[in-house]
Amino acid sequence: MVFGLISFMILDMSLELLEEIIFEIINDSIDPSMENTVQLWLYRMEYTGKLVGFGVASLTAFGLNKQFEPAGDNMRLAYLVGAVIMVFMFLLISILNYTMDVCLDAGTLKEPAGSRYSFSRSFSIPGEDTDEIASSVDESIAPVRTEDEGKSGLTFDSFLPGISEIGSAPSKVKLLVLTHFFAFSTYLQLAVYGTAWVGITLLKGVPDAVEYSNKRKICDIGVSWGAFTFIFWTMASMITSLILPKLRFTFSDRTVFIFTQLMAAGALISTLWVKSFYWEFFVIPMCGPAYATLGTVLESISVRYEKEQEVRGGTFSKMFSISVFFSQIVMFCVIPVIFLFFPNIDDNVWALFIGGCCAALASVFSFFL
């Protein structure tokens with residue numbers, strides 16, 4: 001279990017790092033006037049990727065994985081497909097980055113205003129080459145560097161942007177980060193324990209039973225049904241994102257966020273008592289709107305605080321990395337240890353219950369934003 005948790009934590013952090021790299025490439029490649037359009041397409045691709053991923057993981061629910069028997073059970077197949085996609089994406093990013101650098105050197109591609117040269121150059125080790133590149137860029141479009149950003153060496157901010165500033169941040173910003181911590185913890189609890197709750201708790205499957213035994217197959221089928229339900233979670237989140245501008249026009253950001261978090265809280269807390277298999281089709285999709293408002297609404301509030309405090313854009317929103325990091329620490333290191341002291345409880349149910357409580361706390365704290 002410890003090896004599995006550590007592996008999952010490394011995988012989760014690696015995917016987040018990869019996501020940041022992709023955003024860096026996109027920011028280096030587009031004109032600032034296209035930012036909103038690109039952001040819209042990023043959301044579309046994110047939801048498309050979720051639909052594909054959950055679709056592959058739900059093959060067992062319909063008996064479609066029989067043609068993939070050499071790949072093992074459904075979970076192994078899902079991870080194998082994910083690994084192939086990541087290798088393909090790495091090759092695609094490498095080719096794209098190389099092509100951009102060649103075009104820039106040849107003068108056939110102009111860098112858009114506000115670009116940070118190119119991905120490989122902006123991430124290369126500081127030295128003569130990068131200094132020459134930086135000096136050749138028009139000062140009007142060069143990024144503004146603060147005194148701390150110019151310092152060499154690794155700092156805590158290298159791993160957790162904003163952690164050195166959180167202490168001096170206004171109380172409302174600290175409350176915003178705390179709200180994000182509980183809201184993101186809700187998402188983590190559901191993402192990690194949601195499918196296991198279906199396979200182990202609802203269908204009484206045994207994950208560590210002999211491979212291809214009936215109890216093991218029941219668990220795999222349950223996990224697959226859980227992944228299938230996450231397709232509806234994705235659709236609920238996507239629909240919420242589409243209607244979110246109208247909701248925010250009619251209601252305040254705080255009201256929308258509180259309502260969606262309370263929806264998730266009620267659904268997750270109910271798992272402590274409701275044990276019906278069909279209840280998964282209510283619980284998991286009900287958490288979709290909360291995920292949709294997690295980033296959009298809280299990001300909007302942070303932008304409003306930045307304007308009120310007259311600070312540089314992104315100063316407060318980057319502090320969300322702190323809440324993400326510590327919610328992962330609690331998720332992967334603290335909660336499993338607590339469960340070890342209570343071996344007779346259903347950790348899947350109680351993890352979802354904790355997630356529901358986190359959503360309730362997020363709604364409470366957001367009331368004061």
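**View 1. K318, a partly exposed lysine in a loop.** With a relative accessible area of 26%, K318 is partly exposed (buried is under 20%, exposed over 50% and partly exposed in between, using a 1.4 Å probe and protein chains only). K318 sits in the loop between helix 11 (288–309) and helix 12 (320–340); helices are DSSP runs of H or I with at least four residues, numbered from the N terminus. Look for I163 as well: 155 residues separate I163 from K318 in sequence, while their C-alpha atoms are 9.1 Å apart in space.

This is a predicted model, in which local features need pLDDT of at least 70, side-chain atom pairs count only at pLDDT 80 or more, and totals for chains, interfaces and linings use all residues. Residues are numbered from 1 along each chain as its sequence is written, and side-chain values use heavy atoms, leaving out hydrogens and water.

View 2. E46 is partly exposed at 26%, whereas K50 is buried at 16%.

**View 3. R216 paired with D220.** Their closest N and O atoms lie 3.7 Å apart. Both residues belong to helix 8 (residues 214–250), about one turn from each other. R216 is buried at 13% relative accessibility, and D220 is buried with a relative accessible area of 13%.

**View 4. D253 paired with R248.** This salt bridge has its closest N and O atoms 2.8 Å apart. D253 is buried at 16%, while R248 is partly exposed at 28%.

Definitions and conventions:
Helices (H or I, at least four residues) and strands (E, at least two) are DSSP runs, numbered from the N terminus. A salt bridge is a side-chain nitrogen of Lys or Arg within 4 Å of a carboxyl oxygen of Asp or Glu.
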